[in-house]
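This report describes the arrangement of a two-chain model and the contacts within and between its chains. The sequence and structure are shown below.

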Amino acid sequence: MSAALLAMFALFGVLIGVLFGFFGMGGSFLVTPALLVMGYPSRVAVGSGLAFVFGTSVIATLKHRDLGQVDYKLGVLMIAGTTAGIEVGKELVLHFEAAGSSELIISVIYVFLLGAIGLFVTYNSLRGGDDGGLDHDVDHDAEVDSSDIPDIAKKIQSYRIPPMISLRGGVQVSLWMILAVAFATGLLSGFLGVGGGFIRMPALFYLIGVPVPIAVGTDLFEIVFSGGIGSFIWAQEGGVDLSIVAPLLAGSALGARVGSAATSIVDEDDIKIYFGLMLLGGSLAVAARELSRWFDLPILSDVSFALIMLSALLVAGAVIYSSVLALRERSAEGARSQPAD
Amino acid sequence: MFGIETLNGPAYSAAIVGLVLVEAMVLYVGYGGLTRAVGSQITRAVAGDDG
């Protein structure tokens, strides 16, 4: 691999890290489509994406380990269900790969998922809503209030199919519901090469009723294992390329520090619309790549790659630019408020 | 890379996962130290503070 390509992966990692550190989601979601667009086989795109997710989640979990926001019982149950899901997801990819259609199917699912989440986040931003992103940096203790539990979770908790499991915060839920959520997210992880946090965290909150801070901590804890297991499984298929993962991880760990620091400086709601647009850009990029294959138009493949890089650059740039502006404003206000000698 | 090509099967996979884990921990410690060492200076420089 050339030095230029290594540098490009490291730079891409920085952009992804800024996004993950700031929004707490979305970073790894761009890696697999980017690798697919660059022409890597689906097993390398998915396997390397999962190994990257594993490395990032280790770093994020180390940062959160002292906050006491992990439900280990729930985490272990999630790991069991997720492992089964990843294995089934991997078999699906290999099955479609043998049939020669895995890139197409993975790409189509990506287009719909990225597009749907992008529309959701953009719509919420325009409405002034507050639930378009997943906050992985919740630092306060979980306070359980029944009015905070979503109605769907209350409904699901009311189905008392034994055995019932007691979770932190006094939540009781059926073991089967936990395993079903875990299996579904594991399937997505194994099939698409993503950590699954963008769907598991809201699933833990909206479906199981776990308080958000505990959902975040448990999600991170679980991603370490699902990412590690996924990497192990895909490495056996020759799907993990360390020359891709190592520079991406080095860049993203640095970017995540910048992104995390920016959360205390910039209002997330001011930037969330860019994040939604970035996901829509990712969705268009994967669609453009598929169209270039169908109609044999190489220019569309270049457009696709440019869309992914530009949309990540736009949002990461917006985060950094807004942070610099906010810091300078604070500095100027501080100087004005000081009494003249 | 790192001579792990000579391994095969589960040993190769375990080596891959182990290398990613070690890199993640080194990055966590390394960037953490860097942040503590120069983080506040960089923040002040970006903010345009003189002091």
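## An exposed loop residue

D296(A) counts as exposed, because 8 C-beta neighbours lie inside 10 Å and a residue with 12 or fewer is classed in that way. The model is a predicted one. Within it, D296(A) is placed in the loop between α11 (268-294) and α12 of chain A.

The backbone at this position has a phi near 55°, a positive value in a residue other than glycine. Most residues other than glycine have a negative phi.

## Overall make-up of chain A

Chain A contains 12 helices and 2 strands. Read from the N terminus on, its elements follow the order α-α-α-α-α-α-β-β-α-α-α-α-α-α. The chain has 341 residues, of which 55% count as buried.

Among the contacts in chain A with a separation of 6 or more, 81% are between residues 24 or more positions apart.

## The nonpolar core

The largest nonpolar core comprises 106 residues. Those that touch the most other members are L19(A), V210(A), V245(A), L249(A), A312(A) and V315(A). Helix α9 of chain A, residues 212-236, supplies the largest share of this core, with 12 residues.

V245(A) also has a contact in the other chain. When its neighbours within four places in sequence are left aside, V245(A) is in contact with S48(A), A51(A), F52(A), G55(A) and V240(A), and with V20(B).

## Packing of α4 and α7 in chain A

Helix α4 (residues 72-98) and helix α7 (residues 175-192), both of chain A, have axes that come within 6 Å and cross at roughly 40°. The two helices, α4(A) and α7(A), are therefore oblique to each other. The crossing in which α4(A) passes α7(A) is right-handed. By class, the residues of the contact of α4(A) with α7(A) are 18 nonpolar, 9 polar and 2 charged.

## The contact between the chains

Chain A contributes 26 residues to the contact and chain B contributes 22 residues. On the side of chain B that touches chain A, 15 residues are nonpolar, 5 are polar and 2 are charged.

## Helix α1 of chain B against α10 of chain A

The axes of helix α10 of chain A (residues 242-263) and α1(B) come within 10 Å and cross at roughly 25°. Angles under 35 degrees count as roughly parallel, and α10(A) and α1(B) are therefore roughly parallel to each other. The crossing of α10(A) past α1(B) is right-handed.

From α10(A), the residues that meet α1(B) are L242(A), V245(A), A246(A), L249(A), A250(A), A253(A), L254(A) and R257(A). Their counterparts in α1(B) are I16(B), L19(B), V20(B), E23(B), A24(B), L27(B), Y28(B), Y31(B) and T35(B). The contact of α10(A) with α1(B) divides into 14 nonpolar, 1 polar and 2 charged residues.

## Helix α1 of chain B against α12 of chain A

On the α12(A) side, the contact is made by V324(A), L327(A), R328(A), R330(A) and S331(A). On the α1(B) side, T43(B), V46(B) and A47(B) take part. By class, the contact of α12(A) with α1(B) has 4 nonpolar, 2 polar and 2 charged residues.

## Further positions in the two chains

A15(B) lies in helix α1 of chain B. With 18 C-beta neighbours inside 10 Å, A15(B) counts as partly exposed. Apart from neighbours within four places in sequence, the residues in contact with A15(B) are I4(B) and L7(B). Between A15(B) and T35(B), 20 residues apart along the chain, the separation of the C-alpha atoms is 30 Å.

In chain A, R127(A) lies in helix α5, residues 102-127. R127(A) is exposed, having 9 other C-beta atoms within 10 Å. R127(A) and V14(A) are 113 residues apart along the chain, and their C-alpha atoms are separated by 30 Å.

Terms used
Residues numbered from 1 in each chain as written. Chains lettered and ligands numbered in written order. Predicted model: local features only at pLDDT ≥ 70, side-chain atom pairs only at ≥ 80, totals over all residues. Contact = placed C-beta atoms within 7 Å. Nonpolar A, V, L, I, M, F, W, Y, C, P; charged D, E, K, R; others polar. Helix = DSSP H or I, 4+ residues; strand = E, 2+ residues; numbered from the N terminus. Core = buried A, V, L, I, M, F, W, Y, C linked by C-beta atoms within 7 Å. Buried ≥ 20, exposed ≤ 12 C-beta atoms within 10 Å, placed from the backbone. Axes fitted to C-alpha atoms, helices over the stretch in contact; angles between N-to-C directions. Parallel < 35°, antiparallel > 145°, perpendicular 65-115°, else oblique. Left-handed = near helix turned anticlockwise from the far one by under 90°.
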